Amino acid sequence: MEYKKNDIIVIKIEDMGTDGEGIGKIGGFPFFVKDAVIGDTVEAKVTKVKKSYGYARLEKVLTPSSFRVTPKCRFHRQCGGCQLQTLSYEKQLEFKQNKVRNHLMRIGGFSEAEIDRVTEPIFGMEERFHYRNKAQFPIGTDKEGNTVAGFYAGRTHNIIANTDCALGAPENKEILEAVLSYMKEYHVKAYDETTGEGLIRHVLIRKGFASGELMVCLVINGQKLPAADKLVSLLRKIENMTSVSYSINEKNTNVIMGETIVPLWGGASIRDTIGDVTFFISPLSFYQVNPVQTKKLYGLAVEYAGLTGKETVWDLYCGIGTISLFMARSAKQVYGVEIVPQAIEDAKANAALNHIDNAAFFVGKAEEVLPAFYEKKSREGAEDAMLHPDVIVVDPPRKGCDEKCLATMLKMRPERIVYVSCDSATLARDLKILCAGGYELKRVRAVDQFPQTVHVESVCLLSKLHSDHHIEVE
Ligand code: SAH
């Protein structure tokens, strides 16, 4: 049978795609059905038909899946940020575990038996909502002309008003209401990306879950914030407000934050504590969004690193030095590399704050700093621990490690490589390269840093194959 756009189909959902969509077949022809849950039988509307598969959108659940649960947020379908909110938590964990396994097999080329041998059970989370310590709400104008804060309706730039995200900190709502009332009273306009006019683009909110400290940073399309003292006095009324600033972003891009931060009131950063390490976090620095699970994640990274106090460790993509400082407690020396200069400033301040003096940090791209350093040291004929560390930890952004970085890691030949990843597809791609270069995958464990979403974090341990197994690269 031929299908076309807007056809209504009835379909039983038997699988799930990597973006959380339901997958079913009619007469052998597969459909990807957005918002349908594995086990559902649904009525769906066809949105696109390709040669050998089609896309459809849930219209009506005819027989609900036993894994279907009532969503907490009424906007979950429009927003698209919580792709799995209608799936039971146990099934969410199974989905994530399978996602990592499948990527490692399909992209990484590992056999099922190997994956079974190295995989440890995923770390789930008790509190599955309100776990995020960071939110970036876009500000705009709705159809009635009201200034609103909310979220972009899935894949568009239309803003739907919602100040009460089910994943965010409870204080977000009060903060956004303060910002909106300031804008109304002082006639400060929301930014309009089609015309490039208006001032307020986004509100960044961060909360230190351990300290309770709150940070607000307004992203503006201009150099100055009018009546800034009025905004500050409204925000200061909120308990635990610690830092108020704005960021200048006059470019017409999807990048949220501008490069400059102008402080308005309070400190330039807030603090948070994970385990026994305290961190300063500034607006432009990366910091894991789920501190409860981050403690498990870093604990695992330290365990996999197998530290005894004698080791030299490189921590590539180190952000504000979180993993570096966790490791420094049980290593001889740690070197961190990170591209964002403000994050490195935070990392140095964090080392001092925690009285850690065996961690040093370098600003730059991992794929430039590491090779440049390696070439220089090798030319000098040095044979030191920095050149041949015991452990290299990497925690890259979603696009994974650059090939130059991987090649240098292979030349440095550490005993162990700990790979922390937020994207299992690029993780699998990189592990394939590292294993071809003389490493063996020993342990893999996923950590659910992002309940309700399809995202999954994982930690892997690779260990060096010794000479009889050694495979020359280059
Ligand atoms: N390990 C840290 C940060 C991980 S996020 C933590 O757990 O908090 C990834 C980090 O890599 C970000 O801080 C980002 O700014 C940085 N980054 C992105 N590209 C990079 C590159 N090419 N070289 C070095 N760091 C990079």
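Reader: What is the order of the strands in the open sheet?
Author: In this predicted model, the eight strands of the open sheet are ordered β6-β21-β22-β20-β19-β16-β17-β18, and their pairing is mixed.

Reader: Which strands are at the edges?
Author: The edge strands are β6, residues 119-123, and β18, residues 359-363; each of them pairs on one side only.

Reader: And what is the average twist?
Author: From one strand to the next, the twist averages 15 degrees.

Reader: How many bridges join β21 to β22?
Author: Eight bridges connect β21 (residues 439-447) with β22 (residues 457-464), and the two strands run antiparallel. As an example, V444 has C460 in β22 as its bridge partner.

Reader: Which strands does helix α9 touch?
Author: Helix α9, residues 366-379, packs on the sheet and touches β16 (312-316), β17 (333-338) and β18. The direction of α9 makes about 145 degrees with that of β16.

Reader: Where does α11 lie, then?
Author: Helix α11, residues 424-436, lies across β20 (416-421), β21 and β22. Relative to β20, α11 runs at about 165 degrees.

Reader: Changing topic: how many residues does α6 have?
Author: Helix α6 covers residues 291-305 and has 15 residues. Its first and last C-alpha atoms are 21 Å apart, close to the 21 Å expected at 1.5 Å a residue.

Reader: Which of its residues are buried?
Author: In α6, the buried residues are P291, Q293, T294, L297, Y298, L300, A301, V302, Y304 and A305.

Reader: What follows α6?
Author: G306 follows α6, and the phi of G306 is positive, near 60 degrees.

Terms used: Residues numbered from 1 in each chain as written. Predicted model: local features only at pLDDT ≥ 70, side-chain atom pairs only at ≥ 80, totals over all residues. Heavy atoms only, no water. Pairing = 2+ DSSP bridges. Helix = DSSP H or I, 4+ residues; strand = E, 2+ residues; numbered from the N terminus. Axes fitted to C-alpha atoms, helices over the stretch in contact; angles between N-to-C directions. Contact = heavy atoms within 4.5 Å. Expected span 1.5 Å × (residues − 1). Buried < 20%, exposed > 50% of the residue type's maximum accessible area, 1.4 Å probe, protein only.
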